[in-house]
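Hello,

Here is the structure I promised to hand over. My notes follow below it.

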2 protein chains.
Amino acid sequence: MRVWYSDDNAIIRQKMLNNSIERISPLLSSIISQGIKEGTFEPSFPEQAGEVTLSLIQSLWDRLSLMIINDTKDKGCIDQMKNILVAYTDSIEKVLGIPESTLSIINDETMNQWVNFK
Amino acid sequence: MRVWYSDDNAIIRQKMLNNSIERISPLLSSIISQGIKEGTFEPSFPEQAGEVTLSLIQSLWDRLSLMIINDTKDKGCIDQMKNILVAYTDSIEKVLGIPESTLSIINDETMNQWVNFK
């Protein structure tokens, strides 16, 4: 993780980010379309919901990764990470138009593994 | 804009992004706190709303900038940019807990100036 987030990989990270928006957004959009048909998703902007969701997941991923790399793994830090996760998850639920607290992106066990993986 | 988004500036862009999250998020959070006191903002996660909002603005900014740099300035592209702007604006309104269509991040005049600035 440290290597991935090192300055030497800044260009490849950005190229992959831009690439993922172009390539993964349409896939996410088709999943969202299916969810709309099934009545589980109710996004305000169906065509853009995939892209906005992806940018939120990417920001969440970067934020948590940099916290794992840079911060201590004390309880305050882990709590802060969990609070950030919950806030981003809530915003994704709002973008997708699904009920609150129904989406699970990272569970507690995985989060603890990440922190110890540091 | 092309220089800013060139590969040579990938490291400085990422450092500024990380720095802005640390420095600007608290400022945004204090504005949001004021909004909550005044009854205009009603975010689900007041402490994290600044950070999530900032990440959405940053993603929107990067997305529109790269479209301006890479795409033609035909009507289809401008319409796509406007649709992306509206979708991100809607998601920010949801994060801040403000009514739909009350937030204006970039107006049409500025958007047209950007496209012609290309």
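Why does B:Asp90 count as buried? Because its relative accessibility is 9%, and buried means under 20% relative accessible area, with exposed over 50% and partly exposed in between (1.4 Å probe, protein chains only).

This is a predicted model, where local features need pLDDT of at least 70, side-chain atom pairs count only at pLDDT 80 or more, and totals for chains, interfaces and linings use all residues. Residues are numbered from 1 along each chain as its sequence is written, chains are lettered from A and ligands numbered from 1 in the order written, and side-chain values use heavy atoms, leaving out hydrogens and water.

Salt bridges come next (a side-chain nitrogen of Lys or Arg within 4 Å of a carboxyl oxygen of Asp or Glu). B:Asp90 pairs with B:Lys94, closest N and O atoms 2.6 Å apart. The two are four residues apart in helix H3 of chain B, so about one helical turn separates them. Helices are DSSP runs (H or I, at least four residues), numbered from the N terminus.

B:Arg63 bridges to A:Glu51 at 2.5 Å. That pair crosses between chains, from helix H2 of chain B to helix H2 of chain A.

Finally, H2(A): 18 of its 25 residues are buried, so the rest of the structure largely encloses it.

Best wishes
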